[in-house]
Amino acid sequence: MPRCDICIGCWFYRSQIKPTSPEFELLKKYCHGKYLDCARYQFAQSLGIRYLPKCLEPADCGAMQGD
């Protein structure tokens, strides 16, 4: 299974996520799967990981586009 290229520096990936939480599903879907669709990955690729806001969720692609 693919793993995201930015996971080592990504706050979302490194945070303590319980397997019973909804965030764990996001972790499986994006961090260990379709990371190219992840808003955090896309943001980091565009502007750099050091500017990546903690509040940006992996599924927030609409927030990045102003939707």
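Predicted model: local features only at pLDDT ≥ 70, side-chain atom pairs only at ≥ 80, totals over all residues.
A residue is called buried here when its relative accessible area is under 20%, exposed when that area is over 50%, and partly exposed in between.

**Helix α2 and its buried side**

The buried residues of α2 are Leu26, Leu27, Tyr30 and Cys31. Around the helix axis they span an arc of only 105 degrees, which places them on the same side of α2. What do these residues pack against? Their partner is α1, the helix of residues 11-14.

The search for salt bridges gives a count of one, and it joins Glu25 to Lys28, with 3.3 Å between the closest N and O atoms. As a reminder, side chains of opposite charge can pair when their charged atoms come close. Glu25 and Lys28 are three residues apart in helix α2, so about one helical turn separates them. An α-helix has 3.6 residues a turn, so residues three or four places apart point the same way. Glu25 has 46% relative accessibility and so counts as partly exposed; Lys28, at 42%, is partly exposed too.

**The overall layout**

Stepping back, the protein has four helices and zero strands, and along the sequence the pattern reads α-α-α-α. Of its 67 residues, 31% count as buried. The accessible surface comes to about 4,700 Å², and carbon and sulfur atoms account for 54% of that. Among contacts between residues at least 6 apart in sequence, 45% join residues at least 24 apart.

In soluble globular proteins, nonpolar side chains tend to be buried together. Here, the largest nonpolar core has 18 residues, and those with the most contacts inside it are Cys4, Ile6, Phe12, Leu27, Tyr41, Leu52 and Leu56. Helices α2 (22-31) and α3 (39-47) each supply at least two residues of this core.

In α3, the buried residues include Ala39, Arg40, Tyr41, Phe43 and Ala44. After α3 comes Gly48, which has a positive phi, near 105 degrees.

**An aromatic pair**

How many aromatic pairs does a search of the whole structure find? There is one. The ring centres of Tyr35 and Tyr41 lie 5.1 Å apart with their planes at 75 degrees, so this pair is edge-to-face; the angle qualifies because planes over 60 degrees apart count as edge-to-face. Are Tyr35 and Tyr41 buried or exposed? Tyr35 is buried, at 16% relative accessibility, and Tyr41 is buried as well, with a relative accessible area of 10%.

| Residue | Relative accessible area | Class |
|---|---|---|
| Glu25 | 46% | partly exposed |
| Lys28 | 42% | partly exposed |
| Tyr35 | 16% | buried |
| Tyr41 | 10% | buried |

**Cys61 and its neighbours**

Finally, look at Cys61, which is found in helix α4 (residues 61-65). Which residues does Cys61 touch, leaving aside its neighbours within four places in sequence? Cys61 is in contact with Asp37, Cys38, Ala39 and Gln42. Of these, Ala39 is also one of the buried residues of α3.

Key: Residues numbered from 1 in each chain as written. Heavy atoms only, no water. Core = buried A, V, L, I, M, F, W, Y, C linked by side-chain atoms within 4.5 Å. Buried < 20%, exposed > 50% of the residue type's maximum accessible area, 1.4 Å probe, protein only. Phe/Tyr/Trp six-rings, centres within 6.5 Å; stacked < 30°, edge-to-face > 60°. Contact = heavy atoms within 4.5 Å. Areas by Shrake-Rupley, 256 points an atom, 1.4 Å probe, with all protein chains shown as cover. Salt bridge = Lys/Arg side-chain N within 4 Å of Asp/Glu carboxyl O. Arc of directions from axis to C-beta.
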